[in-house]
Amino acid sequence: MDPLKFTTAWLDERLSNCATDEERTVQTIYFVTCAGDFLVDECYQLSRALYKQGVETNDYALQAFGIHQQGYHLRFKGRHEEANAFTREAEKLLQKSKTGFALTVVTQMIAFDYWTNGERDKAFEMSYASRKIAEGYGDDVMGWSDFQLAVFHYDLKDYDNADKYFTIAQSHAEKYHLTYQLGRIQCGMAAIAIARNDLDAAKVLTEKALVGFRSCGQLTAVSRALNDLGTIHASRAET
């Protein structure tokens, strides 16, 4: 993947340079996954289009991705019960799917849903399943798989394993020049540093992430990183 820019103009340009429908689909999934909490309405419309495409092509994994991301939009709007119904429908569609880029990504997404609902074992099960599928795709997909496992271990306060998976994910992000993904990983590493009371390391990592987020135009991530920096400075008694 080329370094992501968080504008629909970037996506349009990327799609115009894709040689096949499959490449265009993968690029759109990639964009929606990363931009869903920033370009909320735009990604909702793209998700609806992907779902329709999945129905027309009998692609159950693409249908699952499209409907799950529509549910994400509802969750973002505070409509959690409706969003949960979309997640359940997406999981039913997954049972009919065998492989594919969309399958990898939506399995990761549903794993996060289980994690949020406190179903830890099921979340790990789906995360490992997604990681196995991701091995066939590499670059950003593999990095996000390891990122997810790092987040799970961090939430369990298992900082050693969290650090291990963040480090693996970091190697993917750096190898493929995935600026946004690298920033998310750096923020995760900064959280571990804070938990270990290493505020100097947390500050450096968050500042690096902030530079990356600004370069790709993900303003939601910029806002979160600035908030994190404020917290770090306050903890260091700096005004």
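## Exposed loop residues

Asn-58 is exposed, with a relative accessible area of 51%; exposed means over 50%, buried under 20% and partly exposed in between, using a 1.4 Å probe and protein chains only. Asn-58 lies in the loop between α3 (40-57) and α4, where helices (H or I, at least four residues) are DSSP runs numbered from the N terminus. Its phi is near 60°, a positive value in a residue other than glycine.

His-177 is likewise not a glycine and has a positive phi of about 60°. This residue is found in the loop between α9 (159-175) and α10 (179-195). With a relative accessible area of 56%, His-177 is exposed.

## Basis of the model

This is a predicted model, in which local features need pLDDT of at least 70 and side-chain atom pairs count only at pLDDT 80 or more, while totals for chains, interfaces and linings use all residues. Residues are numbered from 1 along each chain as its sequence is written, and side-chain values use heavy atoms, with hydrogens and water left out.

## A buried glutamine

Gln-108 belongs to helix α6 (residues 101-116). At 8% relative accessibility, Gln-108 counts as buried. Leaving aside neighbours within four places in sequence, Gln-108 is in contact (heavy atoms within 4.5 Å) with Ser-130, Val-141, Trp-144, Ser-145 and Gln-148.

## Helices α4 and α5

Helix α4 (residues 60-76) and helix α5 (residues 80-94) have axes that come within 8 Å and cross at roughly 170°. Axes are lines fitted to C-alpha atoms, for helices over the stretch in contact, and angles run from 0 to 180 degrees between N-to-C directions. The crossing makes α4 roughly antiparallel to α5; angles over 145 degrees count as roughly antiparallel, under 35 as roughly parallel, 65 to 115 as roughly perpendicular and the rest as oblique.

Among the residues making the contact are Ile-67 and Leu-74 of α4 and Phe-86 and Leu-93 of α5. The residues of this contact of α4 with α5 divide into nine nonpolar, seven polar and three charged. Here Ala, Val, Leu, Ile, Met, Phe, Trp, Tyr, Cys and Pro count as nonpolar, Asp, Glu, Lys and Arg as charged, and the others, Gly among them, as polar.

## Helices α11 and α12

Helix α11 (residues 199-216) packs against helix α12 (residues 219-235) at an angle of about 160°, with their axes 9 Å apart. That makes α11 roughly antiparallel to α12.

Residues of α11 including Leu-210 and Phe-213 meet residues of α12 including Leu-229 and Ile-232. The contact of α11 with α12 comprises 10 nonpolar, three polar and four charged residues.

Note on methods:
Helix = DSSP H or I, 4+ residues; strand = E, 2+ residues; numbered from the N terminus.
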